Amino acid sequence: MENSTRFSYFRLTAYYDTGALKYVVFIFVLSLYLLIMCANVFLILAIRMNRSLHEPMYMFLCSLFVNELYGSTGLFPFLLVHILSDVHTVSSFFCFLQIFFVHFYGNVEYFTLGAMSYDRYLAICHPLYYNMRMAPCKVVAITAFVCLYSVLATVVMMSLSVPLQLCGNIIDKVYCDNYSIVKLACGDTTVNNIYGLVYIFTVIVCLVILIFYSYLRILKVCFSGSKLTRQKAVRTCTPHLASLLNFSFGAFFEITQSRFDMSHVPHVLRIFLSLYFLSCQPLINPVLYGLNMSKVRNTFRSLAFGRKM
């Protein structure tokens, strides 16, 4: 066995010297972070203050926007510090704290999108039973389950990673993630790999099946229903489907990059794609739902321009 130790810090080697350009990058990232925060907070307030938006779909949306704030806060302040810094090291405590933020965010995002697909399935395929099956108390229960399960899944994952004896402290990324820590381990990581594979092929696959089934049924109703039904389905499902595909693309590349050799991909592109699901998703969701859903868009305008709702 190689010599192992417990490191008090990790080195992030994906950063490189950009000279005076780092100030431009800093301003750009800071502006992006502030835009994400403002857009999501505005939409949370819009849903909270307008009683006509106190419906299951918008409650799930509110949960999604809160999660975007959480995920962005787990990444952007960290990035901003390291963009200006000449030494790219992070203490073990803050590295594992960021791992918790990132993985909790990813879990909640995917589960919430899955719950929203089920909500759309009920609303379009079973409209007469919708209010009974998706009552406010059930929405709260689903949201609570998503959060508690995400905490549990993340804690179990980290309880397997934190005790590992490491043979190095170099992470070839701009932020900390769990699999980068596992790859540094000297000892056997079979349990970690089994847990990751079991999680992917049970929870994630089950969610994919739920989402796929929901949209198959929605498509069936659209083709057999009236023009009004098709328009309603397209209007309410398009933002959700676009958000789901966008997040899935970013998450897929991040998982692929962590587990396979991606050295043939340009360095800057690898950095961008590894940050995609954490930086673009929190900005795209407010745009998708704020611009494409008339109730949210009108309430947003009322808040922004001081009009009476």
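At what angle do H2 and H9 pack, and how far apart are their axes?

1. H2 and H9 pack at about 135°, and their axes lie 9 Å apart. That angle makes H2 oblique to H9, the class left over once angles under 35 degrees count as roughly parallel, over 145 as roughly antiparallel and 65 to 115 as roughly perpendicular. Axes here are lines fitted to C-alpha atoms, for helices over the stretch in contact, with angles running from 0 to 180 degrees between N-to-C directions.

2. A word on the source: this is a predicted model, in which local features need pLDDT of at least 70 and side-chain atom pairs count only at pLDDT 80 or more, while totals for chains, interfaces and linings use all residues. Residues are numbered from 1 along each chain as its sequence is written, and side-chain values use heavy atoms, with hydrogens and water left out. Helices (H or I, at least four residues) and strands (E, at least two) are DSSP runs numbered from the N terminus.

3. For the residues behind the H2–H9 packing, look at Ser-72, Leu-75, Phe-76 and Leu-79 in H2, which meet Leu-275, Leu-278 and Ser-279 in H9; contact means heavy atoms within 4.5 Å. Leu-275, Leu-278 and Ser-279 are also among the buried residues of H9 (buried is under 20% relative accessible area, exposed over 50%, partly exposed in between; 1.4 Å probe, protein chains only). H9 itself covers residues 267-279 and reaches 18 Å from first C-alpha to last, close to the 18 Å expected at 1.5 Å a residue.

4. H2 (residues 56-84) has another partner in H3: their angle is about 160°, with axes 9 Å apart. This makes H2 roughly antiparallel to H3.

5. Now the sheet, which is open and mixed, with three strands in the order E2-E1-E3. Strands pair if DSSP finds at least two bridges between them. E2 (89-91) and E3 (170-171) are the edge strands, each pairing on one side only. H3 (residues 92-125) packs on this sheet and touches E1, E2 and E3, its direction making about 85° with that of E2.

6. E1 (residues 9-12) runs antiparallel to E2, joined by 3 bridges, whereas E1 and E3 pair in the parallel sense over 2 bridges. Arg-11 stands opposite Thr-89 in E2 and opposite Ile-170 in E3. Phe-10 faces Val-90 in E2 as its opposite number. Phe-10 and Leu-12 make up the covered face of E1, while Tyr-9 and Arg-11 form the uncovered one.

How values were computed: Expected span 1.5 Å × (residues − 1).
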